[in-house]
Amino acid sequence: MARGRPNGVWVLKTTDRAPPKPQPFSVYNPAMNQPTLADIESLARAAGKILRDGYDQEHDIQFKGVIDLVTEIDRQSEAFLLDEISRRWPESRVLAEESGESGDGRLRWYVDPLDGTVNYAHGVPIFCVSIACAWDGTTRLAAVYDPMRDEMFSAERGRGSRLNGRPLRVSRAAELQQSLLVTGFPYDTWTAKVNNLEYFGRFARQAQGVRRLGSAALDLCYVAAARFDGYWELTLKPWDVAAGGLIAEEAGALVTDLQGGADYLSPPQSVLAAGRALHEKMLDVLRAP
Ligand code: IPD
Ligand code: CA
Ligand code: CA
């Protein structure tokens, strides 16, 4: 159980910890060469080792924009993942942050080889590897691995989400005043008109607290784990949220775009994730004139 502090008194915050109902089927089809959840967990763990081994060293940093950067470790992690995916599942079309689209086939992958790269470059130990796999138009498998805490968040559509094998359930917080929220800001915050500062101000005045971890994938997993009650962010990319989105959904969160629409993987790519009751309250705040 997570802790909450309504009315100035420390109490346990109720979370619905009942594990998700077992489903009668698995997404694994032995007739097809498609990955299992264990496969993508092991990919994420191996890429996470690359991040951990490279952590706290001097990095070769290149700037993709004024503040958006990439290190040699992002590239090593991505090269490892692309090689493994194309070797083991040749029918794969991969969208990866540093190299864009590659390959072709019925398996659709979303790869963020290092989510939280600004933290990483500064030696802040909050970052992860994020991998999702979709087929037939639906995200089916997700793994988000935090190598510094050895935390493996994962989910299989219809079969719940887990942290190191333990079932996850989203918080049941219903009031903003008792909710700890998390958000992020786009790399063009200095210049963009839609920059989240207005929304940040609104939530900062109504929620118990608002955090900014610097990793969208972990933000979503922390909502799944009821560490945070809600998350919103604008101007993301599919590799930031495909895996964390499924993990949050499978933990019982409602995950939408900022208008409440179901397709949070398409441009303009905004995400709102929370338990159902809080999601509605957060939408009200976002929609207020
Ligand atoms: C970023 C992080 C950050 C979010 C940014 C993302 P990166 O990804 O997820 O939390 O606010 O919008 O671009 O660049 O560290 O992979
Ligand atoms: Ca990212
Ligand atoms: Ca990244």
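Modeller: Begin with a loop: P268 sits in the one between β16 (254–256) and β17 (271–274). Keep in mind that this is a predicted model.

Biologist: What kind of peptide bond joins P267 and P268?

Modeller: Most peptide bonds are trans. The bond that joins P267 and P268 is cis, with omega about 5°.

Biologist: What does a partly exposed residue look like here?

Modeller: Take E84, in helix α2 (residues 72–88). E84 has 15 other C-beta atoms within 10 Å, so it is partly exposed.

Biologist: How do I read a helix, for instance α6?

Modeller: Compare its span with the expected one. Helix α6 (residues 238–250) has 13 residues and reaches 18 Å from first C-alpha to last, close to the 18 Å expected at 1.5 Å a residue. Then check for bends: α6 has a kink of about 25°, centred on G244. Then check its cover: 13 of its 13 residues are buried. After α6 comes G252, with a positive phi near 100°.

Biologist: And how is α5 placed, enclosed or exposed?

Modeller: In α5, 9 of the 9 residues are buried, so the helix is largely enclosed by the rest of the structure. Among the buried residues are D219, C221 and Y222. Just after α5, A226 takes a positive phi of about 65°.

Biologist: Which residues touch the most other members of the largest nonpolar core?

Modeller: In soluble globular proteins, nonpolar side chains tend to be buried together. The largest nonpolar core here has 82 residues, and those touching the most other members are I131, V144, L220, V223, A224, A243 and I247. Helix α5 (residues 216–224) gives the most to this core, with 8 residues. Domain 1 (30–167) and domain 2 (170–287) both give residues to this core, so it lies between them.

Biologist: Which residues come nearest to ligand 1?

Modeller: A ligand is read through the shell of residues around it. Ligand 1 has 15 residues around it, of which D115, T117, G184, G214 and A216 come nearest. The elements that give two or more residues to this shell are β7 (107–115) and α3 (117–122).

Biologist: How many residues of each class are in the shell around ligand 1, and which domains do they come from?

Modeller: The shell has 5 nonpolar, 5 polar and 5 charged residues. Domain 1 (30–167) and domain 2 (170–287) each give at least three residues to the shell around ligand 1.

Methods:
Residues numbered from 1 in each chain as written. Chains lettered and ligands numbered in written order. Predicted model: local features only at pLDDT ≥ 70, side-chain atom pairs only at ≥ 80, totals over all residues. Helix = DSSP H or I, 4+ residues; strand = E, 2+ residues; numbered from the N terminus. Expected span 1.5 Å × (residues − 1). Bend = angle between axes of the 7 residues up to and from the residue. Buried ≥ 20, exposed ≤ 12 C-beta atoms within 10 Å, placed from the backbone. Near = placed C-beta within 6 Å. Nonpolar A, V, L, I, M, F, W, Y, C, P; charged D, E, K, R; others polar. Domains from an automatic or database assignment. Core = buried A, V, L, I, M, F, W, Y, C linked by C-beta atoms within 7 Å.
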